[in-house]
Amino acid sequence: MASNSTHNEFHVFMLIAIMVSSMVATCAGSFYQDFDLTWGDNRAKIFNGGQLLSLSLDKVSGSGFKSKREYLFGRIDMQLKLVAGNSAGTVTAYYLSSQGPTHDEIDFEFLGSTSGDPYILHTNIFTQGKGNREQQFYLWFDPTRNFHTYSIIWKPQHIIFLVDNMPIRVFKNVESIGVPFPKNQPMRIYSSLWNADDWATRGGLVKTDWSKAPFTAYYRNFKATQFSTKSSLSSNSDAEWQINELDAYGRRRLRWVQRYFMIYNYCNDLKRFPQGVPVECSH
């Protein structure tokens, strides 16, 4: 009798495991398996057996890569170590994007700085080809000394940006008041290192110092956890906040980052929006 009960419990356990794995698929492979080097010739490199990737920029060209597959909802984690020293004029972009004139996009962009000045982390969200939802932050560490994890959680209800698992920004789905939300177009992961000294550092006042080239950024420990639409919409009381709503602790950490490290928020830019800020800003 006990043997039969154990047998049944095993089958129940296996059934639950299969159901969970069908809802959440995690991929943590190598850069060879997951990404294509798309431009920059030999300035983009994969090494250490596929565990490390680098992008470089010189006066001739930058470089970039993109994921082999597309994602529709999930959590994307990547560790980056940014260009060290005088990185003024350079931009390291790491983002999700679909294609076409009405594309959706979820952006991290790291704006270079002169030696000793902090990087600016620039975030933006495009829906149906329209962005203009910028928030910018200083970081509470030097992103050039060590690797740090930059994550995007994308669900039908919201988008959360995280740095070292610290939430820095939440963009909620408020389609109910007419604000488009990216939920229908699968997106690939892209990253590039390029020269943008016409705007990147102090509005373009500080130019790239090519005597410091090549500029190089490094990537490792990519992981993608994809949620099915069904699992994204379901509630799971014991799931971690990282893949659901922020709990009270997460909300406190979000407020801490936005209070002490946010340096620009489009929702507060009354000069830019004299007729009133976008409607999502009140939600």
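Colleague: How many cavities of 30 Å³ or more does the structure hold?
Modeller: This is a predicted model: local features need pLDDT of at least 70, side-chain atom pairs count only at pLDDT 80 or more, and totals for chains, interfaces and linings use all residues. Residues are numbered from 1 along each chain as its sequence is written, and side-chain values use heavy atoms, leaving out hydrogens and water. A cavity is a set of points, on a 1 Å grid over the protein atoms alone, where a 1.4 Å probe fits but cannot get out. Of cavities of 30 Å³ or more, the number is 1.

Colleague: Which strand supplies the largest share of the lining of the largest cavity?
Modeller: Lining residues have an atom within 4 Å of a point. Here they are Tyr71, Phe73, Gly74, Arg75, Ile76, Leu96 and Trp154. Strands are DSSP runs of E, at least two residues long, and helices are runs of H or I, at least four, numbered from the N terminus. The largest share, 3 residues, comes from strand β6.

Colleague: How much space lies in the largest pocket?
Modeller: A pocket is an open set of points with protein on both sides within 12 Å along at least five of seven lines. Grid points are joined across faces, edges and corners, and a volume is the space filled by probe spheres set on the points. For the largest pocket, that space is about 440 Å³.

Colleague: Which residues of its lining lie nearest the centre of the largest pocket?
Modeller: The lining has 21 residues. Nearest the centre are Val170, Phe171, Lys172, Gln258 and His283.

Colleague: What separates tryptophan 256 and tyrosine 260 in helix α4?
Modeller: Helix α4 covers residues 248–260.

Colleague: Is glutamine 136 buried or exposed?
Modeller: Glutamine 136 is in strand β10. It touches residues including Leu111, Phe261 and Tyr264 (contact means heavy atoms within 4.5 Å). Buried means under 20% relative accessible area, exposed over 50%, partly exposed in between (1.4 Å probe, protein chains only). At 18%, glutamine 136 is buried.

Colleague: Which ring does the charged end of lysine 81 sit over?
Modeller: A charge sits over a ring if NZ of Lys or CZ of Arg is within 6 Å of the ring centre and within 35 degrees of the ring normal. The charged end of lysine 81 is 5.8 Å from the centre. The ring is that of tyrosine 218.

Colleague: Where does proline 214 lie?
Modeller: The peptide bond from alanine 213 to proline 214 is cis, with omega near 0 degrees. Proline 214 lies in the loop between β14 and β15.

Colleague: Is asparagine 48 buried or exposed?
Modeller: Its phi is near 55 degrees, a positive value in a residue other than glycine. Asparagine 48 is in the loop between β3 and β4. At 56% relative accessibility, it is exposed.

Note on methods: Lists of a residue's contacts leave out its neighbours within four places in sequence.
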